[in-house]
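Visitor: I have a model open and would like to learn how to read it. Could you walk me through it?

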Amino acid sequence: MPSETLPPAPEMFSRWGAFQTWWGRTNKEQVQIAEARLLSRLQFFSFKGVASTDASNSSTRARVGLVPLSGKNRQINTLIIHQNSNPSAVDTSEAAVESKDQQTDDQGRTPIAQTRLDIKTATDDESMISPPAPGERAIVVCHGYGAGLAFFFRNYLSLSQIPDSKIYAIDWLGMGGSSRPAFHFKHTSKTSIKDVVRDSENFFIEGLEEWRQIQQIEKMVLVGHSLGGYLSTAYALKYPERVEKLILVSPVGIPENPEAQKAPLPEPPKENDSTGSSHPTRPPSPQTNTPSPPPPSSWVRKLAMGAWERNITPQSIMRFTGPFGPSLVAAYTSRRFAHLEDDEQKDLNNYIYHISSKSGSGEYALATILAPGAYARWPLMDRLKDLTMPTAFLYGESDWMDYRAAEKARRSMTVPTVLMRIPNAGHHLYLDNPPAFDKAVLQVITRPWDQRK
C-alpha cells in the first residue's frame, strides 16, 4: 500500500464526505488506509534536521501490520521502527547541509521521503516479527481508550533517534487496528470487584505478553497513555521481570474514590453487539483536555449512570447513529485537535471514525475497570507501591488527569520515580506538544536515575 496511492480522506463537515466515510466502514481495508495516511507522514521527517537523498538510502525503516497470536481472531496490530544504527545513510557533511535543496520545516519535515515505510496487511507475514538486536533496547508504546497507535504519528521519528533502541507500538487487542475477539465477563452476587477487574485486565495484558514472546523481547521500556498507562501498570505488576522502565503518560485510575469501588458492575455486552444504544451521545473518546464540566442535573447524572451500567460505550453510540456518526467524530476532532494542521486533523478524524466503527470488543472493558466518573474500581494508588522498576509520570500542564494523585502515590513507592509536566499540553500531551514530550521521554529513558525526584 504505497503512500502515494492512498486516497485522500473525505472532508470533515461535508454531508457527502460524512456519507462516504460511513459507507466505507464496510470495507475492511479502511482502517489500514486511515492509519497509513497518518503514518505516511513519518517518511518525511529528517534525521536530526538533515535530509537524506531519498528513502531508499535511509537507515530508518518502518513497517506496520498484524502479528497473529494463538486462538481464534487474535491479532495485534504492530508498528516497528528501526534505525539500523547506520548514520552513513544520511549525508551530514557541511557541503551537503549547505547545498541540499530539500529544506526542512519547523517540525523537521522534508518534501522528499526520508524513511522506508512498509504497510503490511497479511497476518502471516514473518517480517512483522522483529526481535531487538543484541544490546538494543525495546521501547513499546501503548495507546489509550478510543485511540490507536497512529495517534503518535508526530512522535515516532524523534523517539526512534534514541540510541541503540527499536520502537514498537501496538494496538491493544480488541482496539484500534487489532482484531476484535469477543470480550466476555461474568459476575454474580458472590463475585468480587477485583476478580472482574483482574479478568478484564488480563484480556489485554495476556495479549501483550504473548506478543512480547513472539517478538522475543526479553525486557522493554513500556510507555502507556491514559487507559494504556493503567494497563501497562497492570502488566508491570504481573510481569515485572519484563519491564526495564515504566513511563505512564497521563494514566487513568490512580486516585481513590470509595464510591467508585462500590459502584455496581456493568451488564455484560451482548454477543456480536455492533449497534450500541439510543442514549444521548458525546464524541467517541472520553479523553479531552478541557476542564471538568459543572455537576450535571440529577436526571442527566442518572442517565449517564444508567448508560455506564449498561456498558453503552461512546463507540456503540456512534455506530448506532449510522451516517451521522462521522459528523459526531468531526465535532470532537475539530474541537479537541484544533491545533493540528488541517490535513492532519482531517486524517486523524477519519482514523478515529474507522477504528471506532469496527465491531465492539475491548471497548467494553472500560466500564469493568472504571466506575462512572473515570475512577478505577481497583485504584492504582495502593498498587503502585508494588512496582519494582523505575517509573516516570508525565502529565500535560492543562491535563484533566490530576497529577497530584501521582505525587501522592510516589510517597509510598520504593523504586526511583520522576514526575514531569509538559507545558502547553493537555491530556494528549504527545500530540499537543510533541517536542517537549519527546524530550521528556528521551531524558527518562537515557539518563540514569540516582535519586527519587
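Predicted model: local features only at pLDDT ≥ 70, side-chain atom pairs only at ≥ 80, totals over all residues.

Visitor: How many helices and strands does the chain have?

Guide: Helices (H or I, at least four residues) and strands (E, at least two) are DSSP runs, numbered from the N terminus. Here there are 15 helices and 11 strands.

Visitor: What is the strand order in the open sheet?

Guide: Strands of a sheet pair through backbone hydrogen bonds, either parallel or antiparallel. Pairing here requires that DSSP finds at least two bridges between two strands. The open sheet has 9 strands in the order β3-β1-β2-β5-β4-β6-β7-β10-β11, and the pairing is mixed. β1 (residues 61–68) pairs with β3 in the parallel sense over 4 bridges, and Arg61 has Arg116 as its bridge partner in β3.

Visitor: Which strands does helix α5 touch?

Guide: Contact means heavy atoms within 4.5 Å. Helix α5 (residues 193–215) packs on the sheet and touches β1, β2, β4, β5 and β6. Helix α6 (residues 227–238) also packs on the sheet, touching β4, β6 and β7.

Visitor: Which residues touch the most other members of the largest nonpolar core?

Guide: A nonpolar core is a set of buried Ala, Val, Leu, Ile, Met, Phe, Trp, Tyr and Cys residues joined through side-chain atoms within 4.5 Å. Buried means under 20% relative accessible area, with a 1.4 Å probe and protein chains only. In the largest core, of 59 residues, they are Trp211, Leu222, Tyr230, Ile254, Leu384 and Phe393. Helix α5 gives the largest share, 7 residues. A second, separate core has 57 residues, including Val221 and Met420.

Visitor: At what angle do α2 and α11 pack?

Guide: Axes are lines fitted to C-alpha atoms, for helices over the stretch in contact, and angles run from 0 to 180 degrees between N-to-C directions. Helix α2 (residues 30–39) and helix α11 (residues 342–357) pack at about 150 degrees, their axes 9 Å apart. They are therefore roughly antiparallel, a label for angles over 145 degrees. Among the contact residues are Ala34 and Leu38 of α2 and Leu348 and Tyr351 of α11.

Notes. Residues numbered from 1 in each chain as written. Heavy atoms only, no water. Buried < 20%, exposed > 50% of the residue type's maximum accessible area, 1.4 Å probe, protein only. Parallel < 35°, antiparallel > 145°, perpendicular 65-115°, else oblique.
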